[in-house]
Amino acid sequence: MAQKPSTPKGTRDFNPLQVQRRNYIIQTIKRHFELYGFMPIETPSFENLSTLMGKYGEEGDRLIFKILNNGDYLDKVDEDLLNNKDSNAMISQLSDRALKYDLTVPFARYVVQHQNDITFPFKRYQIQNVWRADRPQKGRYREFTQCDADVVGSNSLLQEVDFIKLYDDVFTSLQVNGVTIKINNRKILAGLAEIIGAADQLIPFTVALDKLDKIGEERVKQEMQERGISSTALEKLQPVFTLTGSYEEKLEAMKGLLSSSEIGMKGIEELEFINQSLKSNQLKTATLDLDITLARGLNYYTGCIFEVAAPDSVKIGSIGGGGRYDDLTSIFGLKDVSGVGISFGLDRIYLVLEELNLFPDSVRAGVDVLFINFGEMEAAHCSGWLSRFRESGIKTELYPDAAKMKKQMSYADKNNIPYVILAGENEIATGKLTLKNMMEGSQESLTIDEIIARLS
RNA sequence: GUGGUUGUAGCUCAGCUGGUUAGAGCGCCGGAUUGUGGUUCCGGAGGUCGCCGGUUCGAAACCGGUCUUCCACCCCA
C-alpha cells in the first residue's frame with residue numbers, strides 16, 4: 001500500500017529558493033564572523049549522552065533526543081527498572097549517544113579535548129544543525145540551525161562589546177532595522193536574589209522575573225510567592241518592576257538597590273563599562289536596551305546575557321541570544337577558562353526577512369539565461385556559446401529537448417529566468433542572436449559579445 | 001510533558017441532522033497557436049475523504065486509538 005509521505009514532526013524540506021535564501025543569511029553571518037576574527041570549526045551531529053546530560057537543566061535533559069543503543073539494547077538494562085517501567089532511570093542504560101542540543105556545550109567539550117592544540121584566547125564560529133524534542137510551533141522546530149560565535153580564554157569585557165557590534169553589523173547588513181539587543185547581567189540577578197534573601201532560589205527567581213513583559217507584574221509576584229519568596233522580599237523588589245528610562249537611568253536606580261551586594265555591584269560595573277565603550281563607537285541600526293528582567297534559560301551563564309528581539313512589527317520570539325559563562329569547561333576538567341558567545345537563530349531570521357520582504361531580488365533559484373533548443377544542429381552550435389557565458393560567470397542552460405517553443409518559454413517563465421536566447425537557423429547564419437527580456441517581453445538582435453557585456 | 005485544534009484532488013477549501021456516481025477555484029496536461037511565456041477560449045487527467053479499528057442496512061460525516069498541523073502552557077532559537 002502506498003503510504004502518504006511526510007517528514008517527521010517538526011522538520012522541513014527546503015526547496016531551491018529557500019536554500020538560496022538561507023545561504024544568503026548564512027553567508028552574511030559568516031562574512032561578519034570572519035571580519036571579527038572568528039574561525040570555523042565543526043563537531044559531530046551526535047555526542048556521548050553523558051557530554052550533554054545535566055548541562056541544560058532538568059527541562060533541557062527532557063528535550064535531548066536520545067539515540068537508542070544498537071544491538072540487544074534491553075539486555076543490559078537493570079531488571080527492576082525494566083519491570084517498574086522507570087523510563088527516566090533506564091535512559092542511561094538504553095542510550096549512550098544523543099543528538100546535540102546546542103553548539104555551546106559541544107564546543108566546551110572541543111576546547112577541553114583539544115586544549116593543547118589551541119592558542120587562547122580562542123575564537124571560533126560554528127554553523128550547524130541542532131535538535132530538540134520540543135513541541136513545534138511557529139518558528140520553533142525540532143531540527144534547526146544555529147550560528148554561534150564564541151571566544152574562550154579571555155575575561156575582557158571588550159569581547160562583550162565586540163559581540164554587540166557584531167549583532168549590529170549583521171542585522172544592518174541584512175537590512176533588518178529596528179532590532180533591539182537586550183542586555184542584562186546574571187550578577188545583577190544574583191545580587192537581587194541575595195538582597196531579598198532568596199540566594200538559594202536564584203533559578204526559579206530569574207525564571208519568574210523573565211516573564212514580566214509577558215504575563216505582567218501581578219502574576220510574576222504570584223509565581224514568586226508560590227516558589228517561596230516572602231512578601232517583604234517582594235516589597236524590596238518593587239523598584240525592579242517599575243524600572244523605566246534610559247540605560248544610564250536604569251543603571252543608576254539599580255545601583256541604589258544593590259549597594260549592599262558585592263556581586264550585584266560587580267554586575268553594575270560591567271554594564272557601565274560596556275555602555276561607556278559603545279559611546280565612542282555607536283551602533284548603526286540596533287538599539288541596546290538594559291533589561292533587568294532578562295534571564296535566559298541556560299543555566300551556565302554567569303555574567304552578561306544578551307537576547308535580540310526582532311523589530312516590533314514582527315511577532316516572533318527572540319532571533320538571537322548569548323552570554324558569558326565562566327565555568328563551562330570545568331565540567332570537562334579545564335578550570336579558569338571564561339567563555340562568552342552569541343547565537344543567531346537562522347530559521348527565525350529567515351521568517352523575519354520573509355515577513356519584511358527583505359530578501360534581495362538577486363537571491364533566487366534558477367539560471368540567468370536559457371537557450372531555446374531548436375534541434376540537434378542548432379543545439380550543437382549553442383554549445384560553444386554556453387561555455388563562453390559560463391566562463392563569464394553567467395548562469396546558463398540550454399533546454400534539453402527540441403520541445404515546442406511554447407513549452408520552452410513556459411519553462412523559462414515558471415523558473416523566473418530573466419533572459420531567453422533564441423539561436424535558430426537565422427541567428428546562426430547572421431551571428432546575431434535574439435535576446436528576449438522575459439520581464440518586459442522585448443527582444444533585440446545582438447552579437448554574443450554584446451550579450452555577455454550586458455549580462456555580466 | 002499538559003490542554004486544545006487541524007487533516008477531503010498537486011495547492012486553498014466547500015460538502016446540511018449519516019443516504020446513489022464526493023464538488024469548486026487555482027495549478028497540471030492537451031488543443032486554438034509548426035519561431036515566442038505571462039492574458040483569453042475549448043477539452044482532459046487527477047481523490048479507497050490522514051491511517052487503523054468500532055457503531056450502522058449504509059460513514060468523508062458518529063465513537064475510540066494513532067500520526068500530522070497549528071495554538072496556549074512548560075521551555076526556548
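In the predicted model, Ile 67 stands opposite Arg 97 of strand S4, a contact that belongs to the antiparallel pairing of S3 with strand S4 (residues 97-99), which extends over two bridges. These strands form part of an open sheet of three strands, ordered S2-S4-S3 and paired in the antiparallel sense. Strands of a sheet pair through backbone hydrogen bonds, in either a parallel or an antiparallel arrangement.

Strand S10 (residues 318-325) is mostly covered, with seven of its eight residues buried. S10 also pairs with strand S11 (residues 339-345), in the antiparallel sense and over six bridges, and here Arg 324 stands opposite Val 340 in S11. S11 in turn pairs antiparallel with strand S6 (residues 143-152) over seven bridges, where the bridge partner of Gln 146 is Gly 345 in S11. Because six of the seven residues of S11 are buried, this strand is largely enclosed by the rest of the structure.

Aromatic contacts were examined next. A pair of aromatic rings is described by the distance of the centres and the angle of the planes. The count of aromatic pairs comes to 16. One of these is formed by Tyr 167 and Phe 171, whose rings are stacked, with 6.3 Å from centre to centre and 20° between the planes; the classification as stacked rests on an angle under 30 degrees. The two residues lie four apart in helix H7 (residues 158-173), and they are therefore separated by about one helical turn. Both Tyr 167 and Phe 171 are buried. Ring pairs also link these two residues with Phe 33, Phe 38, Tyr 125, Phe 163 and Phe 344 into a cluster. A member of that cluster, Phe 38, has Lys 123 over its face, at 4.8 Å from the ring centre. Elsewhere, the charged end of Arg 22 sits over the ring of Phe 14, at 4.0 Å from the ring centre.

The second largest pocket holds about 500 Å³ of space. It is lined by 21 residues, of which Asp 361, Arg 364, Asn 415, Asn 416 and Ile 417 are the closest to its centre. Helix H1 (16-35) and helix H16 (405-414) each supply at least two residues of this lining. By residue class, the lining of the second largest pocket divides into 12 nonpolar, four polar and five charged residues.

Gly 197 is found in the loop between helix H8 (186-195) and helix H9 (202-210). Its relative accessible area of 60% places Gly 197 in the exposed class, for which the cut-off is over 50%. Between Gly 197 and Ser 313, the separation is 116 residues in sequence and 40 Å in space, taken from C-alpha to C-alpha.

Key:
Residues numbered from 1 in each chain as written. Chains lettered and ligands numbered in written order. Predicted model: local features only at pLDDT ≥ 70, side-chain atom pairs only at ≥ 80, totals over all residues. Heavy atoms only, no water. Phe/Tyr/Trp six-rings, centres within 6.5 Å; stacked < 30°, edge-to-face > 60°. Buried < 20%, exposed > 50% of the residue type's maximum accessible area, 1.4 Å probe, protein only. Lys NZ or Arg CZ within 6 Å of the ring centre and 35° of its normal. 1 Å grid on protein atoms, 1.4 Å probe; cavity = no way out; pocket = protein on both sides within 12 Å on 5 of 7 lines; lining within 4 Å. Points joined across faces, edges and corners; volume = space filled by probe spheres on them. Nonpolar A, V, L, I, M, F, W, Y, C, P; charged D, E, K, R; others polar. Pairing = 2+ DSSP bridges.
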